[in-house]
Amino acid sequence: MNISNGKIGTRELLALILLTVGLKQTDVTPTALFPYGLTATWMFPIISAILLIVPFLLLLRVLKRHENKDLIQLTYDLTGNYIGFVISLLLFIFIFSTTVSYSRSTVDTLNTLFFPKTPQVILYVSLLAVGYFIASKGLEVLGRTSWLTAPYLFIALFILLVLLWHAMEWHHVKPFGGPGMGELLYEGGRHSYLVGEFILFTVLYPCLRSHREFRIASLLGIFIVTIELTIFYAAFLMVYDYPSVENIAFPFQQLTRIVDLGRVFSNAESLFLGFWAIATITRTAIYLYITVTIFAYMLKLKAFGPLFLPFTGVIFFLGLVPESNIENVLFLRESLLLQLNWLFILVLPVLLWILDNRRKRRRVG
């Protein structure tokens, strides 16, 4: 049911993960999280990853028993057509709204900080056009493009942290407990959309060469992005301090402007902008591909190549609705679906595992 003629491996899936979850320090996500985590927001990735690991491993176990099925097919098979459709529809709405929100966030960043004289519509059309071109070529091309992009991005991120070392004040992350451990654990679980893509990426499970490669890429991805997001969220606090960080709409991009490489490289942020822009365009293509894939699997369509263009158009028009980046942040904070995301991320895998075990016992009995 996918438009790829072949399959991808560990490195391609890992790259897809790093460019989606691993870029959540560069969009509106940290701005949406700081009011809840306060000085302990850097712990959200750790809490979310710990809460995710057991449900995710259970889901991998179920998928291994049904190696030719993806998350949506498995949901239909274990819950029935009606409940399966409802669950698939909610998953689709979740990834679709995420795609709209993150793509608009990218355009706002480019328009506000780097291309203020360029019409927002032109930037949005350019972003989605390139994203559509990459996504429509299939999963293999998307995976290879991601693998070519990810290493250079992470080298740039590492260099950025090294150059900002002098600007970090370690005492800014105190108190370590932020709003209190109880509240921190509660909010960390409630905002599990921070790592929600790991569950959604199981729609690509049949497209991997083997279960082992999918498992290695996923677990390695969880480990890497948890460390990465934790470090950058802590860096935001150490550089900006709290509560000042709450009032910064583009914390990552502002970090790049702090870097000083002397008179020869007076506009160092342009260097980081290049790597970030390429990675973000690829990320848009990934979200578009996953959105269309879930929609096609939900409706049990065999060919979904023609869906990419109309979906790109719908994302474009819906993405123009928010008037500012502030409205985008408020959407992430107040959206009922995103507030209930933990049901999909933490409960759905456990539910599927229970139903699969019940079916297995009935067959044995």
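**Cavity lining, helix packing and backbone of a predicted model**

Mentor: At least two residues of the lining of the largest cavity come from helix H5 (81-114), and at least two from helix H12 (268-298). A helix here is a DSSP run of H or I with at least four residues, numbered from the N terminus. The model is predicted: local features need pLDDT of at least 70, side-chain atom pairs count only at pLDDT 80 or more, and totals for chains, interfaces and linings use all residues. Residues are numbered from 1 along each chain as its sequence is written, and side-chain values use heavy atoms, with hydrogens and water left out.

Trainee: What makes a set of points a cavity? Which residues line the largest cavity?

Mentor: On a 1 Å grid over the protein atoms alone, a cavity is a set of points where a 1.4 Å probe fits but cannot get out; lining residues have an atom within 4 Å of a point. Thr99, Tyr102, Ser103, Thr106, Thr280, Arg283, Thr284 and Tyr287 line the largest cavity. Its space is about 50 Å³, and six cavities of 30 Å³ or more are counted. A volume is the space filled by probe spheres set on the points, which are joined across faces, edges and corners.

Trainee: How do the residues of that lining divide into nonpolar, polar and charged?

Mentor: Two are nonpolar, five polar and one charged. Ala, Val, Leu, Ile, Met, Phe, Trp, Tyr, Cys and Pro count as nonpolar, Asp, Glu, Lys and Arg as charged, and the others, Gly among them, as polar.

Trainee: Are H3 and H10 roughly parallel or roughly antiparallel, and why?

Mentor: The axes of H3 (residues 44-65) and H10 (residues 211-240) cross at roughly 170° and come within 11 Å. Angles over 145 degrees count as roughly antiparallel, under 35 as roughly parallel, 65 to 115 as roughly perpendicular and the rest as oblique. H3 and H10 are therefore roughly antiparallel to each other. The axes are lines fitted to C-alpha atoms over the stretch in contact, with angles from 0 to 180 degrees between N-to-C directions. Residues of H3 in this contact (heavy atoms within 4.5 Å) include Ile53 and Phe56, while those of H10 include Ile222 and Tyr233. By class, the contact of H3 with H10 has 13 nonpolar, four polar and two charged residues.

Trainee: Why are H3 and H4 described as they are relative to each other?

Mentor: The axes of H3 and H4 (residues 71-79) come within 11 Å and cross at roughly 80°, so the two helices are roughly perpendicular to each other. Leu59, Val62 and Leu63 of H3 make the contact with Leu71, Leu74 and Leu78 of H4. This contact of H3 with H4 has six nonpolar, no polar and no charged residues.

Trainee: What makes H2 mostly covered?

Mentor: Eight of the nine residues of H2 are buried, among them Phe34 and Tyr36. Buried means under 20% relative accessible area, exposed over 50%, and partly exposed in between (1.4 Å probe, protein chains only).

Trainee: Why does Leu38 count as partly exposed?

Mentor: Its relative accessibility is 23%, so Leu38 counts as partly exposed. Leu38 lies in the loop between H2 (29-37) and H3, and its phi is near 55°, a positive value in a residue other than glycine. Asp241, also not a glycine, has a positive phi of about 75°. With a relative accessible area of 27%, Asp241 is partly exposed.

Trainee: Where is Pro243 placed?

Mentor: Pro243 is in the loop between H10 and H11 (251-258). The peptide bond from Tyr242 to Pro243 is cis, with omega near 15°. Another cis bond joins Lys174 and Pro175, where omega is about 0°.

Notes:
On a 1 Å grid over the protein atoms alone, a cavity is a set of points where a 1.4 Å probe fits but cannot get out, and a pocket is an open set with protein on both sides within 12 Å along at least five of seven lines; lining residues have an atom within 4 Å of a point.
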